[in-house]
Protein chains: 2
Amino acid sequence: MRLVVARCSVDYVGRLTAHLPLAPRLLMLKADGSILVHADGGSYKPLNWMTPPCTIQEAEGRWTVTNKAGEQLIITIEEITHDSSHELGVDPGLRKDGVEAHLQELLAEQPGVIGDGYTLVRREFPTAIGPVDLMCRDSGGGSVAIEVKRRGEIDGVEQLTRYLELLNRDPLLAPVQGVFAAQVIKPQARVLAEDRGIRCVTVDYDALRGVEKDELTLF
Amino acid sequence: MRLVVARCSVDYVGRLTAHLPLAPRLLMLKADGSILVHADGGSYKPLNWMTPPCTIQEAEGRWTVTNKAGEQLIITIEEITHDSSHELGVDPGLRKDGVEAHLQELLAEQPGVIGDGYTLVRREFPTAIGPVDLMCRDSGGGSVAIEVKRRGEIDGVEQLTRYLELLNRDPLLAPVQGVFAAQVIKPQARVLAEDRGIRCVTVDYDALRGVEKDELTLF
DNA sequence: ACTTTCATTTCGCTC
DNA sequence: GAGCGAAGTGAAAGT
């Protein structure tokens with residue numbers, strides 16, 4: 001990784017055109033050829049950048065970064081105040097815990113938490129308008145489509161409604177019940193869901209993980 | 001801005017929990033107190049970060065970053081290989097051109113691209129639940145509500161559906177046709193739109209701009 | 001301050 | 001590789 005602090009102006013021409021007036025900034029050149037232009041504030045997102053794969057052509061006071069799609073980042077450099085290179089190697093990567101995917105995994109392992117006697121048909125059940133998070137059968141053999149969210153809001157209810165409408169057109173599946181499962185369900189989402197005959201279930205992430213742990217430690 | 005290259009491990013506890021094993025990385029500390037942890041690859045997104053406002057407490061080999069919501073980023077430092085500070089000042093900011101607003105402008109100037117004989121009634125046509133991007137009349141004098149998106153996805157179809165439902169209750173306007181216009185329309189969004197009687201139009205941004213240029217250069 | 005919407009979204013997964 | 005949904009989405013604009 002090469003770090004350059006320089007007074008520069010930047011022009012991007014690609015999916016849109018953008019211009020950065022002359023000012024001191026950090027230029028971060030990564031090992032994969034990508035480049036980031038950062039200011040000293042407005043964190044997280046660079047002012048301008050080019051994602052890999054791309055090539056950097058350095059001329060006197062003018063760097064031209066080009067990617068496969070022909071997009072260009074042109075950096076005009078007036079003055080360099082710092083320039084250093086560092087060997088970092090490949091990063092071992094981030095381990096995340098507590099996102100929707102994990103919640104879905106836990107519920108897939110314990111469908112009984114959502115409804116007595118529920119059994120899993122499959123996760124990410126495919127439909128023409130996208131996958132249903134969990135498809136189950138209830139104790140009577142009826143189909144149940146379950147939408148899992150970390151935070152239950154109206155968008156999620158709309159999403160499940162679309163799936164249900166489609167699934168209920170399929171005579172092999174219909175009638176399909178809907179369940180909206182989330183750690184927290186906002187009142188408006190709950191009202192809308194129940195108005196549409198969708199059952200709401202709030203799930204406790206730590207409890208789910210606890211049950212999982214208990215089961216594991218029994219053996 | 002302070003730049004530190006260090007062998008470190010990072011733990012985030014907040015909206016989720018995340019862990020980064022020990023490895024060399026760049027730590028970028030910005031003037032507003034925010035901090036970014038970058039590896040030598042990936043795109044512009046940091047491996048881990050904390051957005052301002054937040055406070056950094058530096059102890060021996062252990063930096064603790066805390067924000068208002070109580071989320072924490074704990075950086076355990078084994079070895080520092082670089083440490084430099086730089087005065088950058090406030091950035092003058094980015095000028096952009098070519099986003100959705102611009103696409104809407106171009107279509108407003110050339111409604112014929114969306115449908116033969118279409119004429120513009122007005123942009124940002126107001127309704128009780130928000131403005132319709134473009135309201136036009138077709139060659140027969142009928143009303144057409146147009147939703148403009150850079151990328152046409154299901155959300156956009158839902159939005160237009162809500163507008164149409166409302167507009168069609170107004171006896172002075174009804175019947176109102178719906179058109180979903182975007183540079184790219186995803187198949188699922190297209191299926192949903194056409195199922196609801198909404199016509200889909202894909203528009204070529206460069207061609208629109210080209211036509212505009214040609215018209216200008218004719219005079 | 002809160003809500004809505006856009007994004008050069010990026011990222012990860014499934015088909 | 002394309003397509004889709006989630007994201008610690010972030011960021012900006014309007015209310």
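Where in chain A is the place of Y44(A)? Read on through the legends of this predicted model, starting with that very residue.

**View 1. Y44(A) sits in a loop of chain A.** The loop in question runs between β3 (35-38) and β4 of chain A. Look at the backbone here: phi of Y44(A) is near 75°, a positive value, and this residue is not a glycine.

View 2. As for where to look, P53(A) is in the loop that links β4 (48-50) to β5 (54-59) of chain A.

**View 3. A174(A) and P175(A) are also joined in cis.** Omega for this peptide bond is about 0°. You'll find P175(A) in the loop between α2 (154-167) and β12 (176-185) of chain A.

**View 4. Q104(A) is a buried residue in a helix.** The helix is α1 of chain A, covering residues 100-109. Setting aside its neighbours within four places in sequence, Q104(A) has contacts with R123(A), E124(A), D133(A), L134(A) and V148(A).

**View 5. E124(B) has a positive phi inside a strand.** Over in chain B, the strand is β9, residues 119-125. Phi of E124(B) is near 55°, and here again the residue is something other than glycine. E124(B) counts as partly exposed, since its relative accessibility is 33% and that falls between the 20% and 50% cut-offs.

**View 6. P187(B) is an exposed residue in helix α3 of chain B.** The helix spans residues 187-195. With a relative accessible area of 62%, P187(B) is exposed, because the cut-off for that is over 50%. I154(B) is 33 residues away along the chain, yet the two C-alpha atoms are separated by 9.4 Å.

**View 7. Two domains of chain A, for orientation.** Domain 1 takes in 2-85 and domain 2 takes in 100-217, according to the domain assignment. Their centres, taken over C-alpha atoms, are 45 Å apart. Chain A has a radius of gyration of 26 Å, whereas a compact globule of 219 residues would come in near 17 Å. Along the principal axes, the C-alpha atoms fill a box of roughly 75 × 45 × 30 Å. In all, chain A holds four helices and 13 strands, and 46% of its 219 residues count as buried.

Methods
Residues numbered from 1 in each chain as written. Chains lettered and ligands numbered in written order. Predicted model: local features only at pLDDT ≥ 70, side-chain atom pairs only at ≥ 80, totals over all residues. Heavy atoms only, no water. Helix = DSSP H or I, 4+ residues; strand = E, 2+ residues; numbered from the N terminus. Rg over C-alpha atoms; globule rule 2.2 N^0.38 Å. Buried < 20%, exposed > 50% of the residue type's maximum accessible area, 1.4 Å probe, protein only. Domains from an automatic or database assignment. Contact = heavy atoms within 4.5 Å.
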